[in-house]
Amino acid sequence: MIPTIILGFPRSEGRSLIDALIVVGVLVALVVGAYWGVRFASISFVRNRLGRLLLSRVTTRLPLVSLTFDDGPDPETTERFLSALGDARATFFVLGMNVRRWPHLARAMAEAGHELASHGDSHRTMTRVPPRGTLRELRRAHRTIVEATGETPRFYRPPYGRFNLASWLETPRLGMRRTLWTAGARDWEAEATPELIAERILAGAAPGAILLLHDSDGDPGAPEHTLAALPAILAGLHERGLRSVTLSELMRADVS
Ligand SMILES: [Zn+2]
């Protein structure tokens with residue numbers, strides 16, 4: 001009665017208006033909930049409970065991990081990362097726009113036995129991109145990788161680990177797994193020295209771990225620090241009896 005009186009409607013009209021407002025309110029709450037719910041998927045507490053919906057670790061007893069590198073290819077650094085990796089195999093989450101500029105570097109990654117995965121097209125924060133723009137981002141990056149390398153990406157990691165609802169839904173439609181990481185090194189930060197980067201990565205190195213690094217972007221000089229950390233990372237993995245393989249190979253060892 002009280003809302004009816006405040007709104008000044010006769011009882012029946014007031015009620016139907018309130019009912020309509022409730023329906024609209026519930027719909028808005030559902031949309032906002034889905035959007036923020038998906039966004040919150042990038043928070044570790046939540047993502048560890050999402051199981052098969054979101055890949056952030058592989059369950060295996062084999063002594064395997066996956067080193068992953070975001071944001072390339074990059075003419076300044078990619079080739080040096082490829083030679084520093086030696087026998088280790090990694091997965092490069094490349095940007096479509098960079099692959100179009102330097103397709104030969106993307107091919108060099110694949111020819112060296114590494115895996116190419118999608119990091120989207122232009123490194124926009126997906127939670128700020130409307131649905132149509134999101135679909136364009138994902139589809140364009142996917143197509144670019146296939147055209148440049150002949151490899152079909154099987155994993156998608158959004159910039160900053162932030163999915164929006166459209167990217168969450170589109171990723172499996174393109175045949176890719178939604179992917180984040182087990183541990184990262186915050187190697188884009190200016191204060192991340194090579195020692196610190198190696199320490200952070202090795203702290204997360206356990207069977208099935210997906211380890212996040214960057215071969216491009218970040219603070220000026222950041223990829224150089226990551227590059228300088230690689231020998232210590234590879235030696236540390238070796239000491240622990242661990243070996244880095246591509247994400248697809250790590251998935252083949254999955255026993256979950
Ligand atoms: Zn990135």
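**First stop: M251**

Select M251, which is buried, with a relative accessible area of 17%; buried means under 20% relative accessible area, exposed over 50%, and partly exposed in between, with a 1.4 Å probe and protein chains only. This is a predicted model in which local features need pLDDT of at least 70 and side-chain atom pairs count only at pLDDT 80 or more, while totals for chains, interfaces and linings use all residues. Residues are numbered from 1 along each chain as its sequence is written, and side-chain values use heavy atoms, with hydrogens and water left out.

M251 belongs to helix α11 (residues 247-252). Helices (H or I, at least four residues) and strands (E, at least two) are DSSP runs, numbered from the N terminus. Now display the surroundings of M251: apart from residues up to four places away in sequence, M251 touches L55, V58, F155 and R177, where contact means heavy atoms within 4.5 Å.

D71 is buried at 4% relative accessibility, and H119 is buried at 2%.

Remain at D71 and inspect the backbone. Its phi is near 90°, a positive value in a residue other than glycine. Then move to G72 and P73, which are joined by a cis peptide bond with omega of about -5°. P73 lies in the loop between β1 and α4. For background, most residues other than glycine have a negative phi, and most peptide bonds are trans.

Select D121, in the loop between β3 (115-118) and α7 (131-149). Is D121 buried or exposed? D121 counts as buried, at 5% relative accessibility. Beyond its neighbours within four places in sequence, its contacts include L95, M97, R100, E137 and R140.

Select residues 103-111, helix α6, and highlight L105, A106, M109 and A110, which are buried. Viewed down the axis of α6, the buried residues fall within an arc of 145°, so they line one face of the helix; the arc is that of the directions from the helix axis to the C-beta atoms. These buried residues pack against α4, β2 (90-94), α5 (96-101), β3 and α7. After α6 comes G113, with a positive phi near 90°.

Select R186 in the loop between β6 (183-184) and α9 (194-203). R186 is partly exposed, with a relative accessible area of 41%, and has a positive phi of about 45° although it is not a glycine. Finally, select L30 in helix α2 (residues 11-40). L30 is exposed, with a relative accessible area of 56%.
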